[in-house]
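Hi,

Here is the structure I promised to pass on to you.

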Amino acid sequence: EYKNSDKYLRDMQFWQKYVGDISYENQFEIVKDKQCKRIRKNINTSTVAQIQEFCEKNKISEFAFYLSIISIYFSKIFDTENIVIGTPFLNRQKSQKELDIMGMFVSTLPISINITNGLGFIDLCRQITTTNLACFKHSKFPYSHIKLVI
């Protein structure tokens, strides 16, 4: 039913425009050895409380806060303004049928982030939130149906 719906067409139009507007060059080398070492840093509770207070005061999510920080970091180390990061989201549409089953309902959204000079941190967080919500709204569309023009 979805493939024959107006929603499918709106989702397709969104993704065609979204990927068409992305100008991005992969900055990562292809890694053959998949072994890695996890680096773990704990944030003390007072810093966590300050971050939560900052996010609440500025009406941004902690997710947008941390995604903004990592975007700025990638922008600096790769010397680029355009970053695309795959972000997880719970891929569950809340239909009664899906609520009766168990399993992993996680998918990934490609969030395109443009870090321009003069863009403040709060504005970057809000840009990421807006982009994330727009992608989530159209997340039912299968990525395999997106026609890339290269």
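Below is what I found, going from the whole chain down to single residues.

First, some housekeeping. This is a predicted model, in which local features need pLDDT of at least 70 and side-chain atom pairs count only at pLDDT 80 or more, while totals for chains, interfaces and linings use all residues. Residues are numbered from 1 along each chain as its sequence is written, and side-chain values use heavy atoms, with hydrogens and water left out.

The chain has five helices and two strands. Starting at the N terminus, the order is α-α-α-β-α-β-α. Helices (H or I, at least four residues) and strands (E, at least two) are DSSP runs, numbered from the N terminus. Of the 150 residues, 26% count as buried. Buried means under 20% relative accessible area, exposed over 50%, and partly exposed in between (1.4 Å probe, protein chains only).

Now to helix α1, which covers residues 6–20. From first C-alpha to last, α1 reaches 21 Å, close to the 21 Å expected at 1.5 Å a residue; the expected span is 1.5 Å times one less than the number of residues. Which residues of α1 are buried? They are Y8, D11, F14, W15 and Y18. Seen down the axis of α1, these buried residues fall within an arc of 125 degrees, so they line one face of the helix. (The arc is that of the directions from the helix axis to the C-beta atoms.) D6, Q13, K17 and G20 are exposed on the other side of α1.

On to packing. Two packed helices are described by the angle between their axes and the distance between the axes. Axes are lines fitted to C-alpha atoms, for helices over the stretch in contact, and angles run from 0 to 180 degrees between N-to-C directions.

α1 packs against α5 at about 140 degrees, with the axes 10 Å apart. That makes α1 oblique to α5. Angles under 35 degrees count as roughly parallel, over 145 as roughly antiparallel, 65 to 115 as roughly perpendicular and the rest as oblique. The contact (heavy atoms within 4.5 Å) involves K7, D11, F14, W15 and Y18 of α1 and T131, A134, C135 and K137 of α5.

Helix α3 (residues 62–78) and helix α5 (residues 121–137) have axes that come within 9 Å and cross at roughly 110 degrees. That makes α3 roughly perpendicular to α5.

Last, find I83 in strand β1: at 4% relative accessibility, I83 counts as buried.

Cheers
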